[in-house]
Amino acid sequence: MGTNNKSIGKLLEHIDNSELVLPEIQRDFIWDKKSVLMLLDSLYRRLPIGYMLVWKAKKAVAQKNFKRVVKKRIGQSIDGFYGYLLDGQQRLTAIQLVRDSADEYPLMFSLRPIDAKDPDSGRFSYRARWNSNAWHIPVSDIISKQLSPINIVDNLRSEADFDYNRDANNVIADVTKLQNILDYSVGLIEFEDDNYHKATELFIRFNSTGKKLKSSDLVAAELALTVPNLVSNSITKVSSSFSSRYNFNFTKPFLIQCLAAIHTHKIDFKKSTEVWTSYSEKQIHNSWKKTEKGLSRAIEFITGTVKWDSDTWLPSINSLIPLIYMLSNDKFTHDDRMLARKWLLQASVYAAFSGSVYSELDRIIRGIKNEPNISKLISLTKRSTGKILPEHFETSRKSGPAIALFISLLRNRNAKNWINRTPLDGSVMGHNAELQIHHFFSRALLSKHGYDSEAINTFANYTIISKDTNLDISDMEPIQYIETYGIRKQDLILQCIPQDKELWKVKNYKYFLGERRKLLARTCNTFLDSK
């Protein structure tokens, strides 16, 4: 193992020429926009960005893709190839995305300092209305050298606040400094052993020691080592399929968690090496087939019985793991479906699977191993679920467990839009068809009568209708606009609106909130206990 130095420009050139690629053990690009901006800021300031780790293999292994990478057959000789990037993917991908003007990262550079005391600070921002002017240039245009410093100065000459004698030299110096980040020298640790297992072990140790990877990433790396191409081909394909066909973004780490649970009957591992290494490729492939079956059945249950049409309504994806585990073994009967719906919605409202819950999930998976049925699951989690209470609707959130439960209730009751009578089941497409929160007592009306935003924006004042149906009620009271628009009594009942018309008057708003919370809780409990 040795050390070397290469410029960022040279490393990007290696990527562009398929001479530096990612092994299958690597995770996906996960940096957010702020992290990308901060990296470019550090490079511009010439601050250290850490070493990178390259495995200089002599034969090809299963790989993931940067852009424009030519794949090699596993075992093929790769003379002239630089290596596999074991650490540094996030940094190089971030620079590549900015250089190539990716739509998700439209980074801009200010041609004049924001802070006179620290001229290098605050020079980067993402494209917005406020920086759409000649003094802000896309970073991609500069570091890809589509614009030279002289071109940029010439473009500024028409600006009223540009003084050539005062500004030209500074602009040229700053643009040149930004262009030179491609010359930034990065320290490289080069591992030259041709053993894939040793390279994977190094990747895991290098990352786990620095706390850069979560345990799920390490488990995925071990899986890629044990069963080449399973992650990069089969699991990646299923992840993309669920996202594009069903609007459920089941990430590869989540799918690997499900596979690990089904394969080992547990989910909380002290060491990533204990998950796969004692099993054959055939055994793991068979477990993946069971996982696919469980996933498919889970989607059918979520969309057909719970009636959530996308992962937007999922308060916690962790709560699906026990269901997928059970459904990998057998289908739900009708009664199972009703019990599973009740369990899922109650568990969501009670936040039974929020946060870090691996030990709890592990306990559940072990508990249902010999009895993979919904009754056993309910008995194992009864302390963390229960009846729906009026307090559960005191939230102001327009997303989360309460709204997810309400959507399931409305769709299972075949609720309709108040005006055009189209269903609220997510099946209606077209202009302004998406669902919206409608305030039963309008914000304008309540503000006029002295209510603050906290009292106005509360779940008990929310109803669900389509954007196209959202009513132009200004400051009318419900008792007035319900008659004006001819809103049907049954449609109000389906949305759990109390039928005492006195409660539809603004003077009784506080009483309305209390009564509606009680009605919501009562209706939801009746719905969940239904067969």
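The following legends describe close-up views of a predicted model.

**Figure 1. Overall content of the protein.** The predicted model has 531 residues, of which 51% count as buried. Its secondary structure comes to 22 helices and 11 strands. Among contacts between residues at least 6 apart in sequence, 76% join residues at least 24 apart.

Figure 2. The largest nonpolar core holds 96 residues. Within this core, Leu223, Phe250, Trp308 and Leu323 touch the most other members. Leaving out residues up to four places away in sequence, Leu223 touches Leu230, Val231, Ile235, Ile256, Leu259, Trp276 and Ile284. Another core, of 47 residues, lies apart from the one shown; among its members are Val54, Ile95, Ile152 and Val153. In soluble globular proteins, nonpolar side chains tend to be buried together.

**Figure 3. Packing of helix H9 against helix H12.** Helix H9 spans residues 230-246 and helix H12 spans residues 281-306. Their axes come within 12 Å and cross at roughly 5°. Because angles under 35 degrees count as roughly parallel, H9 is described as roughly parallel to H12. On the H9 side, the contact is made by Leu230, Ser234, Ile235, Val238, Phe242 and Tyr246. H12 contributes Ile284, His285, Trp288, Glu292, Leu295, Ser296 and Ile299. Leu230, Ile235 and Ile284 from this contact are also among the residues touched by Leu223.

**Figure 4. Strand S5 and its pairing with S2 and S3.** Strand S5 covers residues 83-87, and five of its five residues are buried. Strand S2 (residues 20-23) runs parallel to S5 and is joined to it by two bridges. Strand S3 (residues 52-55) runs antiparallel to S5, with three bridges between them. Tyr84 of S5 takes part in both pairings: Val21 has Tyr84 as its bridge partner, and Trp55 stands opposite Tyr84. Strands of a sheet pair through backbone hydrogen bonds, either parallel or antiparallel.

**Figure 5. The open sheet of strands S7, S6 and S8.** The three strands are arranged in the order S7-S6-S8, and their pairing is antiparallel. S7 (124-126) and S8 (136-138) stand at the edges; each has a single partner strand, so one side of each is left without a neighbour in the sheet. On average, neighbouring strands are turned by 40° against each other, direction ignored. S6 (residues 107-110) pairs with S8 over three bridges. One of the residues in this pairing is Phe109, whose bridge partner in S8 is Ile137.

**Figure 6. Surroundings of Asp268.** Asp268 is found in the loop between helix H10 (252-264) and helix H11 (273-276). With a relative accessibility of 37%, Asp268 counts as partly exposed. Residues up to four places away in sequence aside, Asp268 touches Tyr358, Ser359 and Asp362. The C-alpha atom of Asp268 is separated by 9.2 Å from that of Val357, a residue 89 places away along the chain.

Figure 7. Thr458 is found in the loop between helix H19 (453-456) and strand S11 (462-466).

Figure 8. Most residues other than glycine have a negative phi. Asn229 has a phi near 80°, and Cys496 has a phi of about 60°. Asn229 is found in the loop between helix H8 (215-226) and H9. Its relative accessible area is 27%, so Asn229 is partly exposed. Cys496 is placed in the loop between helix H21 (489-494) and helix H22 (509-528). Its relative accessible area is 1%, so Cys496 is buried.

Notes. Residues are numbered from 1 along each chain as its sequence is written. This is a predicted model: local features need pLDDT of at least 70, side-chain atom pairs count only at pLDDT 80 or more; totals for chains, interfaces and linings use all residues. Side-chain values use heavy atoms; hydrogens and water are left out. A nonpolar core is a set of buried Ala, Val, Leu, Ile, Met, Phe, Trp, Tyr and Cys residues joined through side-chain atoms within 4.5 Å. Buried means under 20% relative accessible area, exposed over 50%, partly exposed in between (1.4 Å probe, protein chains only). Contact means heavy atoms within 4.5 Å. Helices (H or I, at least four residues) and strands (E, at least two) are DSSP runs, numbered from the N terminus. Two strands pair if DSSP finds at least two bridges between them. Axes are lines fitted to C-alpha atoms, for helices over the stretch in contact, and angles run from 0 to 180 degrees between N-to-C directions. Angles under 35 degrees count as roughly parallel, over 145 as roughly antiparallel, 65 to 115 as roughly perpendicular and the rest as oblique.
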